[in-house]
Structure formats: C-alpha cells, structure tokens
Amino acid sequence: MVETWYILLTFMLAMFILLDGWNIGVGVLHYRLGPTDHERREVIRALGSSWSWNEVWLIAFGGCLFLSFPKAYAAYFSGFYLAFFLLLWCFILRGLAIELGHVIDDRLWRSFWDAMLRFSSVLLALLIGIASGNVVRGLPLDADGWFALPFFTHLGVHGDVGLLDWYTISAGIFTLVTLAAHGAGYAALTASGTVRDRASRIAPRLWVLAVLLLVVMACETIAVRPEFMRAMSTRPLGLLGFLVIAAGVGGLVVGHRGARTGLAFAGGCAAITGVISNGAVGLFPTMLPSTGAGQSRTVFELAATEHNLLVALPWWTLATMLAIGYLVFIVRHQRARHENKFSRSAYPKRL
Amino acid sequence: MDDVVFWSRLQFGFTITYHYLFPQLTMGLAPLIAAWKWKAMRAGGGPDGERYVTAARFWSIIFAINFVVGVVTGIPMEFQFGTNWANFSAYSGGVIGQTLAMEGMFAFFLESAFVGALVWGDRWLSPRAQFAVAMCVAGGAWLSGYFILVTNAFMQHPAGYETAADGTIHVSDFAAYLLNPWAFVMYAHNMTAALVTGSFVVAAVGAFYALRGIFSEQARLFLTWGVTVGLVSSLVVAYPTGDAQAKQVAKHQEVSLAAMEGRFDSGSMAEVNIIGQPNVAERRIDNPIRLPGALSYLATGSFHGDVRGLGAFPQDQWPTNIELLYYSFHVMVGLGTLFIALMLIAVVQLYRRKLLTNRPLLWVLMLAAPFPYIATTAGWMTAELGRQPWLIYGLYRTVDGASRTVHAGTVLFTLIGCAGLYFLVGVVYLVLVGREIFRGPGPRHHPYAADDEQQADHG
C-alpha cells in the first residue's frame, strides 16, 4: 500500500505540473504572446473556463499527502514555511488575475491584473523548481525529522543549506523555462489568431532551451546527489522514464519540424511526465532526504497505517474517475456547442 | 510576544474567519440560483420564465466573484495545517487527512469543472443543462462543507480512531468517523446558517432596489424569496438545529457550555444570562439579567436538570478565553433571535402586500445584510473557542500542536502578509460586487453583448 500511495501521489503531482503547468506557462508568457490588450484577453480566453480544475490537483495532492504520509506533510510544510506562503500568495494573485482581471472594461484595471498574472506565474514556476531542487538536494533534518530552511545561507549545497543555492536556483530556472515552453505549446493549440501564431514560433525555441537545461540539471544532479541519478539509471521504471523522455523529445522535434502543434504538445507532455516520474523513482524510498544531523526518513517510516491507506484507495479511485468525467463532459459540451466560437465566447470579454 | 502558538492561532483564526465570509454566501446562494434556474426551465420562456432567468444571471455573477474570492482565500487553509500546526498534523493526519483529501478530490474537482459553465454557460447551455450545472456547483459547495465539518466534528468529538504504537492516531472505523453524529448536527446548523446569509443578502439587495424605485420586478422577486427563505432558515437555525447543537455541547462539552453561559456555580434550575459581563477573576457575572431555569431546560429538557458550572472542573480544562467565548455565543444567539423577529415581520408585511411600500422595514432589511456574517462568525468563534484548550477534545492540546521549527517572528511576517493581501482582495471584492449591484439586473445590462460589436469597439 505504501508503494501504491507513493505512485498515486506522484500521479497527482504530475497532473498538477502538467495541467496547471501550462496555465503557469501561459501566465509567464502573457505579455510575449499578447503585446496588445486585446490579444492578452485572447490569451486568458485560451485557458478555458475550467482552468482552475487543473490547480485542484495540487490541493488534492496536499490532502492526500496529509492522509498517506502525515509526518512528511507536516515536515515539508513547516520546513518550507516561508516558501509555502509565497506560493499561496502567488496562487491567490494568479487566481484573481485570471478570473477578475478582465471583467472591468478599464485600462488601468486590466493592466494591473496582467502585471499581477505575470509576476505570480513567474514566481510560481521558480518556486516549484526551487522546492523540487531542495527535495533532491536534501534537507537539514534534526534528530526528530523536522527542518527549517532560511531563504539562503552560503548558496552552497553542503552543510548549512538554505532554500536557495546554486543547485536549487538552477532547478528553478529550468522549471521556469520548461513551463513557459509547455504553456507556449498549449497556446499554440488552443488560442486563435495572432496569439496562436506567436505561440507556435516561441514554443520550439523555448523547448530547445528547456532540453538543454535538462541536460545541465542532470549533470548538476550527478554532482549534488549521485545516488539519486544512480537509482534512476538502475531501476526498470527509471529506464522506462528515460525512454518516455526520449520519446517526448522526439515528438517535440518531429512536431516542431513539421508544424504539427498537437504532436509537439504531446511530446512536451511526455517529456515533463518522464522527468517527474524519474524524479519519483530516483527519490524512492527516501521521502525526506537529510543533509543534516538527523537521519533520512523513508516512505515506510513516514506512512500512515496500512488500514488507512487501504480504506482511502476505493474512494480515491472513485473521486478521480468522477473528476476526469466532469472535465471531459464539460469540455466536450463546450466544444460541441461552439465549434468555431469556442475561443471567442466561452469566456466573455466583460461582465 | 514570543509565543508561536498565540500567533499561529491568530493567523489561523484570521484566515479562516476571512475565508468563511465567502463560502457562506456561496453555499447560501447556490440553492437559490439552482431554484431559479429550475423555475426558468419549467416556465419554458415568456415573461414569467424571463424573470427567473434574469434573477439567476444577476446573482450568478455575484456568485462567481464571491466564489473566486472564496477559493483563493481557501487555498491557504489546507496548507496551514502543515505550515503552522505540524505537530498536530503529524499526530492526527492519519484521521483528518482523509476528509481534507476527500474535500479536494470530490468537492473541488466538481466545483472547478462546472463553475465556469454556471457563470458563462447562458450562451451555450440549454436551460436544462444550466440547471444541472447549477446543481453540480451547489452540490460541490455543500459537499465541501460536509467534509470540513466532519473534520471539525472529529476535533470536537473524536470518533472512529485508534492510537498507533508511535502515539499518532489513525482511522480505525471509517464509517464511524464519517458519520460522526456531531457532524450531522453541526452540518445541519451550519448550512442553515449559510441559507440565512444567502437569503438576507438577496433580501437586502431587493430592499435597496425597492427603496430606490428601480428594477421593481426583480426587487419584488428578491424580496419575496429573500424574506421567505430568510424566515424559514432563521427559524430552523435556532430550532431544531441550534437546539440540537447546544444539547450536544451540554452533553459532551460541559465545560464549554459553562463558559459560553458564564456559569461558574453548579446546580439545577440553571439560569440563562441574557446580558451581563463575565468576571472570571471573581467567578461571577456583573450586571446580569437572568432567565431562571431556562438553561437547565434548554440543556437537559427539564427545569430541574443539573448543569455544572466552571467551578466543578479543574482550571486547566477551562477554555482559554472565557470572556470572548461568552460574548461570541451571546452575539450569535442575540442576532439569531432578532433575525427571526425581523423576517417574521417582513413575511407578514409581504403577505399583506405592504412590504414593497414599507420604507422603514425596507431600510432595516437593507441594513441587515452584514449581520448574518457577524452571527456566523460569532457562531464559529463559539465552536472553536469552546473547544479550547483542546485541539482534539480530550485527546490533544492546542499548545502541543504548533510547528516546532517555525518561530513567532516568521508567523507574524506571514500573518501581516496575509492581512495585507486579504485587504487588497476585500477592496477588489467590494468594488466588483458593488458595481454589479449598482448596475442591477435586467436585459439593459446584458453581460453577453455580441462579440462582433465588442470587437468593433476594442479592435
């Protein structure tokens, strides 16, 4: 059951990064995709009316982490205290910007929220990357398995570490570029007019940069936590992950060469999924890796009781099927009714 | 003050109080909107159906703004268990993690999939589909409330758990946990209170339009629905739901009841203090106006029932802020009583067709809008202050629950940050909702002007 929930949590986190990742990416590129105010409205429209469904995967992940590995939830959330609150404030600003940013027909109102959207999206992408980097690098656990990270110390990866060091900052930049590329790929598929054209031009360039940075990250990770990369390379699931990443990159190359935005987007999704999956494979079974005095904690030590994990599985499965069902229903209903007007009227210009 | 528990409590209390201002309107409005959508669907078109279409559309826009703010202020809540109450989370996650996760998995996915369609779906959904979407969003909101209340009910009255070897608690009987009897009573009481909020706000807007002499057809609709649902919900929130809630507190949280009522001595023929200041140092009420026997009757069903006072319990089990708890409870009950009186008068006037011209009453109805918010806040303060000094009643103390590695200064930083951000959010909310109310309902203000026309405007 422990392994099962580890996989389910990885799945939820991957769904969040994949789905809300394109929302974040679009927010990051907001001004690039839409130099004019009118085009920026088109960018928001391309996100669709159910965009927040994507964000729910993070909430669901948090709740499920709480139920399945309560000590890990507690240690991570209190250890990353300030970073979490920054994350929350970004989610608040982003949510308001997307939902309310274009409901008043006033230039200043829209400009303010466009700026908020970009600011919060960029910070979100960076924070997700920095947090991931921290997990891989390891945390300064005390004897009881708690930690507290200052924002920065000496920017090095050993000893008295902080939230920000050269490795985690690299991870942050890598995530920013990747999510921006992913967002561009999404906009190339769902936006219309000049926004779509711009997205189609930006996406390939960003993806090239993202793949380069992925190679850089891999090298850095070998230097910082060699056992992490070793685990990935020796476990069957890790090798499968490499294949998926390769297939994803292949899809990106073929898709961008042949102007097949759907294939490119799918390739990007596969690459991202492969990276996240391999991250989970490389981490297992150490859910709380330590650089400090305390010992690293494994998933087995941190898990709730077997009964707990067992009893949650049926309702989790039902809930996931329902959740996907709702989205499929509403998206198909929107599309069917509004084949050529989907991009225009699914999200009106103003209240 | 170098007390991380104090600042964490203040932060949680502030963020949850602020957050709950919005879901109570969401949960109270949703059934009304669904009912109007149903009426519109049944009427099938024509002026009668059109009334309900207009009402539903107007309130859906306010609902949407309210929903968005509710969502963004709600996200910090799930995270805050981990950030500020890490010890509590590690201890109890095996139990409360289940319902917090279920809320995300069941309710949030449902709401987020359909809320966009609720607000913007007028164009591309049939009336029947619109009604279904409204039911989905309403259902999601009410489901969310249920999971949260099961979590809180566990904290008030633990059920269905067992203690593991490492001292942490986990679910042993899932059904007993989910079907905690405390949760049903709490849910009934809380959701009825949400209906009070929703109906009072609708009535207030109707009163505003009636006083101004504008949107008269919609004003009549808002007032009719507002005061009728308002009366029924105000009655039900007091009896049987409020009564049941008080009785379960009397049975399982005697210390709480004593503190709520400002009762220091024990005995039968216990009185209710209608008013008076609790003087904890001297263990009495100053300047009391009492109703003898009433507390015994309400708590036990008999005037001769014994109700124990604070003096009968060791002081380390007393709620940590008796004065605030006392006032929270009295404010809630006082307002609840006034609500019944107000809506009773309004319904009578409505029945006699005099409501729309009774200006003093319309003024009161309009100005009454904020008071359900005060009452529900006071009610939640009663519940949570009454739970002290426990985080989980009888099992785990609040002082033990705070995060070990977070310092008071850090918490104060995030508290101020949240307060500042929420202030901005509040201003945005009031501007948007106020604007909507001033523009009013009706085809004159159609949110979906033709795209081509707008394209031409903004090229």
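B:Thr405 is in contact (heavy atoms within 4.5 Å) with A:Ser78, A:Asp142, A:Trp146, A:Phe147 and A:Ala148, leaving aside its neighbours within four places in sequence. This is a predicted model, where local features need pLDDT of at least 70, side-chain atom pairs count only at pLDDT 80 or more, and totals for chains, interfaces and linings use all residues. Residues are numbered from 1 along each chain as its sequence is written, chains are lettered from A in the order in which they are written, and side-chain values use heavy atoms, with hydrogens and water left out.

**Around B:Thr405**
- You will find B:Thr405 in the loop between strand S6 (396-397) and helix H14 (408-439) of chain B; helices (H or I, at least four residues) and strands (E, at least two) are DSSP runs, numbered from the N terminus.
- B:Thr405 counts as buried because its relative accessibility is 16%, where buried means under 20% relative accessible area, exposed over 50%, and partly exposed in between (1.4 Å probe, protein chains only).
- The side chain of B:Thr405 also reaches the backbone oxygen of A:Phe147, at 3.1 Å.

**A:His30**
- A:His30 sits in helix H2 (residues 30-33) of chain A and is buried, at 0% relative accessibility.
- Not counting residues up to four places away in sequence, A:His30 touches A:Arg40, A:Val43, A:Ile44, A:Asp114 and A:Leu117.

**A:Leu155**
- A:Leu155 has its place in the loop between helix H7 (107-137) and helix H8 (166-190) of chain A.
- With a relative accessible area of 41%, A:Leu155 is partly exposed.

Technical notes: A polar contact is a pair of N or O atoms within 3.5 Å; within protein, one must be able to donate a hydrogen and the other to accept it, and residues adjacent in sequence count only if both atoms are side-chain atoms.
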